[in-house]
Amino acid sequence: MPVPLRFTGEVADALHERRPVVALESNVITHGLPYPDNAATARKVEQAVRAGGAVPATIAVEDGVIVVGMTDDDIERFASTPGIPKVSSRDLPVVLAQGRRGALTVASSLVAAELAGITFFSSAGIGGVHRGAERSMDISSDLIQFTRSPVAVVCAGAKKILDLGLTLEYLETQCVPVVSYRSDDFPAFYCTSSGYRSPMRLDDDETIARAVENHWALGNRSSFLITTPVREDEAIDADEVDAAIAGAIAAAERDGVRGQAITKYLMRAVDAATGGRSAQANMAVLISTAEVGGRLAAAHARHLR
Ligand code: PSU
Ligand code: MN
């Protein structure tokens with residue numbers, strides 16, 4: 001029995017005509033940023049994908065149906081409704097069966113993108129291996145999903161609250177390519193560098209598109225990560241945010257926050273500790289990453305013609 005999918009006319013037409021489409025997650029709208037910044041940013045992210053030359057498809061679940069593409073009204077409603085649950089890959093079958101609504105993470109968006117026939121996805125900060133994972137065993141399902149979904153993921157690295165060294169090790173172990181676009185370093189979400197060099201660097205859109213195609217032609221059924229750093233003038237200094245992150249992690253331990261809730265908790269605590277500076281940079285990097293996603297999806301689509 002197929003899973004119910006509903007496309008907007010624009011996305012359906014683009015896919016049918018093999019024009020470039022970039023899938024976008026909805027959890028960042030409901031859990032990543034507060035209203036109304038979340039709605040405004042989601043609209044700007046969609047515009048950025050268009051500026052890059054592709055059609056945006058924000059993905060969510062409504063009434064037990066996976067929606068591929070959201071109108072501005074849909075986004076506004078999603079952004080302003082409190083309590084929409086975070087739905088990762090393992091939650092998806094249940095939410096669909098219940099006929100409920102849900103905001104999809106990177107992981108579940110990749111599941112939906114593959115079903116929909118979308119090969120590019122963009123978000124600013126992927127999930128990864130959490131700091132202290134050797135005790136908590138908290139590794140984001142995003143990483144496991146990368147090993148299962150043949151989708152090119154354009155991002156600004158993983159969220160800075162994570163252990164980025166272990167995150168890179170995990171991706172290497174699982175044979176997930178990590179290529180940095182026009183940069184030597186693996187970025188850290190709202191900081192231009194994580195302090196780790198990227199395993200590979202490519203500067204040319206056509207070569208990246210070819211490398212992604214080769215990954216799948218070689219028989220891999222996994223994701224291909226392409227990182228692009230936040231713009232220098234929109235970035236925050238690692239020093240400025242490191243103390244805030246340490247404080248947020250200590251507060252989470254004190255408050256006993258773990259599991260599914262910790263990512264949002266830490267992000268909000270860092271935003272508060274930086275007086276909103278990290279939230280500003282978060283919005284900027286979502287937008288700039290989406291434009292690169294649009295451009296690379298367009299390069300890939302040119303090869304299909
Ligand atoms: N980016 C943000 N805030 C977030 C997320 C991303 O600025 O809350 C979400 C993404 O949806 C990502 C998820 O897939 O966090 C990972 O959560 P976890 O670490 O629980 O797997
Ligand atoms: Mn987790």
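The protein chain has a mean pLDDT of 97, and 100% of its residues reach 70 or more. This is a predicted model, and for the complex the predictor gives an ipTM of 0.94 and a pTM of 0.97.

**Surroundings of ligand 1**
- Ligand 1 is surrounded by 19 residues, and the closest of them are Gly32, Thr105, Val106, Gly127 and Ser140.
- Two or more residues of this shell come from each of the helices α2 (27-32), α6 (106-116), α8 (141-146) and α12 (262-273), and α2 gives the most, with 4 residues.
- Sorted by class, the shell around ligand 1 consists of 11 polar, 5 nonpolar and 3 charged residues.

**Annotated positions**
- According to the UniProt record, an unreviewed entry, the annotation "binding site" covers Lys86, Val106, Ser140, Ser141 and Asp142.
- These positions are spread over 57 residues of sequence, yet they cluster in space, with a largest C-alpha distance of 13.0 Å.
- Val106 and Ser140 from this annotation are also listed among the residues closest to ligand 1.

**Lys86**
- Lys86 is found in strand β5, which comprises residues 86-87.
- When residues up to four places away in sequence are not counted, Lys86 touches Asn27, His31, Ala103, Thr105 and Gln260.

**Asp142**
- Asp142, which lies in helix α8, has 27 C-beta neighbours inside 10 Å and therefore counts as buried, the cut-off being 20 or more.
- Leaving aside neighbours within four places in sequence, Asp142 is in contact with Thr105, Val106, Ala107, Ile126 and Gly127.

- In soluble globular proteins, nonpolar side chains tend to be buried together.
- The largest nonpolar core here has 98 residues, of which Val21, Val22 and Ile59 touch the most other members.
- Helix α13 (residues 277-304) supplies the largest share of this core, with 13 residues.
- Val21 touches Val11, Ala14, Leu15, Ala54, Val55, Ala57, Ile118, Phe120 and Ala297, again without counting residues up to four places away in sequence.

Methods
Residues are numbered from 1 along each chain as its sequence is written. Chains are lettered from A and ligands numbered from 1 in the order in which they are written. This is a predicted model: local features need pLDDT of at least 70, side-chain atom pairs count only at pLDDT 80 or more; totals for chains, interfaces and linings use all residues. A residue is near a molecule or strand if its C-beta atom, placed from the backbone, lies within 6 Å of it. Ala, Val, Leu, Ile, Met, Phe, Trp, Tyr, Cys and Pro count as nonpolar, Asp, Glu, Lys and Arg as charged, and the others, Gly among them, as polar. UniProt positions are given in the numbering used here, feature names are shortened, and annotations may be inferred rather than shown by experiment. Two residues are in contact if their C-beta atoms, placed from the backbone, lie within 7 Å. A residue is buried if 20 or more other C-beta atoms lie within 10 Å of its own, exposed if 12 or fewer, and partly exposed in between; C-beta atoms are placed from the backbone. A nonpolar core is a set of buried Ala, Val, Leu, Ile, Met, Phe, Trp, Tyr and Cys residues joined through C-beta atoms within 7 Å. pLDDT is the predictor's confidence in each residue, from 0 to 100.
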